[in-house]
Structures are given as structure tokens and as C-alpha cells.
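Me: I have a structure open and want to go through it with you. Can we start once it is on screen?

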Amino acid sequence: MKLQKNKTDIWILVLKVFNTRTPFLLLLLNFNCQISNFDSAKIIDRSVGISQSYNDSLPFASGLIVSNKEILTVFHAVTGHEKDLVYFENSNSKFRLDLIKSEFLFDLALLRCEECNFEFNSFTYKDRSELKVGEKIYLFGTPYRLNHSYKEGYISHLDRTGIDPTYPKIPFIQTYGMSDPGNSGAGVFSMEGKFIGIQRANFGYQAGSEIGLVIPSAFVNRFLK
């Protein structure tokens, strides 16, 4: 992705290559591949909305498909509503969900939809140690209860601890620009399409906060095993 920040240098290189009669088209194709190295369509199909009641007309939180019948989300979004949870495809397509596993200290919950048969392909995890501050990331969630919505943001801190005494064991990944209400539970991915973690909440739990907290992929992996 560094190529995007130095377009002038790229065009200077192109002119030099053209003058030496190197195949120009191949160079452009290679450049395009490097700046278009992820397929968002593969991620949007793994994003779902979750409702706290069958009567809800819109989803309340987000979830990430992790198997052909299972959805991962955040515990705080489903606690107290275990008997009423619904996978929300649209207002005319809803399916009951069962809570089969939860971990309060990680703020994670695993839901099962017996009626569902999701198309699922495993994804690659990206550890927190591989991330960089300023790195561009994205998610598909349900901001303001709008299902299957795409949002981009940036990593602003890699090890944010001590800000939430309820979850002292989690070194959150701090993000900027993708923390709308309703995105809690959404999967967060790198620009290569690698799984970074689960969006937990806005900082301070205030609507409109640009700072968000992500549960790192290592904690998710540990929870799912």
C-alpha cells in the first residue's frame, strides 16, 4: 500500500521504463494488483445483523459468520436476551439463534442458527504484532441498524489497556473512524483481507465517538478453540 503514497515516483518510474521499451502494460497490471489486493465481497458475506427480539424491524448489533451455522459477536450485546436472539437477514427473513458459548472476560459470544447453512470459507488471522499504527482497516457491520454496511478506518494504537476495568485482560487495538453504534460484534479486517479482531465498542460508549476498541484476533482464536 506504500505505492499509493508515492504516485509521483511511480510515474517517474513508468516514464523511465517506457523509455527503455520494457512492456508497459505488464508494469501497469502489476501496479494495479498491488493496490487492489483485497476482495471486500468475500467479507460482506460473513457479516450479519443480530436482533434482540423477533419483533425488531432492524438489527441491533453485528456478527461474524465463523462456520456454516455459527456466528461470533460480543457478549455485552446479547446478554439478557439469550432466549430472544435473532439472525437478521432482512425484515422478512429472520432466524432464531441459540447462545452456545460465552466468555465475559473477553466480551465474546458464540451463537448457533440451526436453520441456517452459511457458505463459509476459513480466513487468515493477522496477529496484533503484525499490525502498524496508521494501517488502514475495514469492517462490514450494522451502523445505526443499517445491515451490511462497509466502513473504513485506521489503527491508532496497538495495546490500549487500563481504560475499561471490566475487561482488564484485553489489550485492545484502538481504531479511528469506524465506531458507529451497531458495529459492535463486526469483524475487522486488514486491507489484505486478514482477520484482525472483533469490534467491541466506542470509546466511552458515546454515539458518534470516532475512537473504537477491537478485541484482537488472538483472543478470538483462543475463545473459538
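**Strands, rings and a disulfide**

Reply: In strand S1, Ser 47, Gly 49 and Ser 51 point one way, Val 48 and Ile 50 point the other way, and all are buried. Buried means under 20% relative accessible area, exposed over 50%, and partly exposed in between, with a 1.4 Å probe and protein chains only. Strands are DSSP E runs of at least two residues and helices are H or I runs of at least four, numbered from the N terminus.

Me: What kind of model is it, and how are residues numbered?

Reply: This is a predicted model: local features need pLDDT of at least 70, side-chain atom pairs count only at pLDDT 80 or more, and totals for chains, interfaces and linings use all residues. Residues are numbered from 1 along each chain as its sequence is written, and side-chain values use heavy atoms, with hydrogens and water left out.

Me: Back to S1. Which strand does S1 join, and by how many bridges?

Reply: S1 runs antiparallel to strand S2 (residues 61-65), with four bridges between them. Strands count as paired if DSSP finds at least two bridges. The bridge partner of Ser 47 in S2 is Leu 64.

Me: Which strands close into a barrel?

Reply: Six strands do, in the order S8-S9-S10-S13-S12-S11, with antiparallel pairing. From one strand to the next the twist averages 45°; axes are lines fitted to C-alpha atoms, for helices over the stretch in contact, and angles run from 0 to 180 degrees between N-to-C directions.

Me: How many bridges do S8 and S11 have?

Reply: Strand S8 (residues 136-141) and strand S11 (residues 187-190) pair over three bridges. Tyr 138 stands opposite Phe 189 in S11.

Me: New topic. How many aromatic pairs are there?

Reply: The whole structure has 13 aromatic pairs. Rings of Phe, Tyr and Trp (its six-membered ring) pair if their centres lie within 6.5 Å; planes under 30 degrees apart are stacked, over 60 edge-to-face, and the rest tilted. One of the pairs is Phe 75 with Phe 104, edge-to-face at 6.3 Å centre to centre and 85° between the planes.

Me: Are those two buried or exposed?

Reply: Phe 75 counts as buried at 14% relative accessibility, while Phe 104 is partly exposed at 42%.

Me: Last one. Which cysteines form a disulfide?

Reply: Cys 113 and Cys 116, with sulfur atoms 2.0 Å apart; the criterion is a pair of cysteine sulfur atoms within 2.5 Å. The torsion about their S-S bond is about 60°, so the disulfide is right-handed. Cys 113 and Cys 116 are both buried.
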